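My entries follow the order of the look-ups.

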Amino acid sequence: SPGIERPLTSAEDLVRNLGRDVEIDAGDEMFRGRLVAVEGGEVAVVAAGAEQRVALKRVATARLVLPW
């Protein structure tokens, strides 16, 4: 069982984790921050006060970032 660090593999997984810290690999870019929206075919992450958006179809992998 992959447990709490399991990959987020669908838009539904991302929606369930809104408000949590995530790391998203979009191939040529990495996004890390608070997941704030999944809408209009895009994922929005806020880091250091700036919102970054990436198209869902570009997301290669996504996972939760846990504070250890």
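The entries below cover salt bridges first, then a leucine.

**Ground rules.** I am working with a predicted model, where local features need pLDDT of at least 70, side-chain atom pairs count only at pLDDT 80 or more, and totals for chains, interfaces and linings use all residues. Residues are numbered from 1 along each chain as its sequence is written, and side-chain values use heavy atoms, with hydrogens and water left out.

**Entry: salt bridges overall.** How many salt bridges does a search of the whole structure find? I got nine. The criterion was a side-chain nitrogen of Lys or Arg within 4 Å of a carboxyl oxygen of Asp or Glu.

**Entry: glutamate 23 and arginine 63.** I looked at this pair and found a salt bridge between the side chains, 3.4 Å from N to O. The pair links distant parts of the chain. Glutamate 23 sits in strand 1 (residues 21–25) and arginine 63 in strand 5 (residues 61–64), 40 residues apart. I took helices (H or I, at least four residues) and strands (E, at least two) as DSSP runs, numbered from the N terminus. Arginine 63 counts as partly exposed because its relative accessibility is 32%. My classes were buried for under 20% relative accessible area, exposed for over 50%, and partly exposed in between (1.4 Å probe, protein chains only).

**Entry: arginine 58 and glutamate 29.** These side chains also meet in a salt bridge, at 3.2 Å from N to O. Here loops are joined: arginine 58 is in the one between strand 4 (50–55) and strand 5, glutamate 29 in the one between strand 1 and strand 2 (30–39). The two residues are 29 apart in the chain. I checked accessibility for both. Arginine 58 has 32%, so it is partly exposed. Glutamate 29 has 35%, so it is partly exposed.

**Entry: arginine 53 and its network.** Arginine 53 forms a salt bridge with glutamate 51, with the closest N and O atoms 3.0 Å apart. I then traced the network of salt bridges, which links Glu39, Glu42, Glu51 and Arg53. Arginine 53 is partly exposed at 34%, and glutamate 51 is partly exposed at 47%.

**Entry: leucine 14.** Is leucine 14 buried or exposed? It is buried, because its relative accessible area is 3%. Leucine 14 lies in helix 1 (residues 11–16). I listed its contacts (heavy atoms within 4.5 Å). Neighbours within four places in sequence aside, leucine 14 touches Leu8, Leu35, Val38, Val43, Leu56 and Ala62. For alanine 62 I noted a C-alpha to C-alpha distance of 8.4 Å from leucine 14, across 48 residues of sequence.
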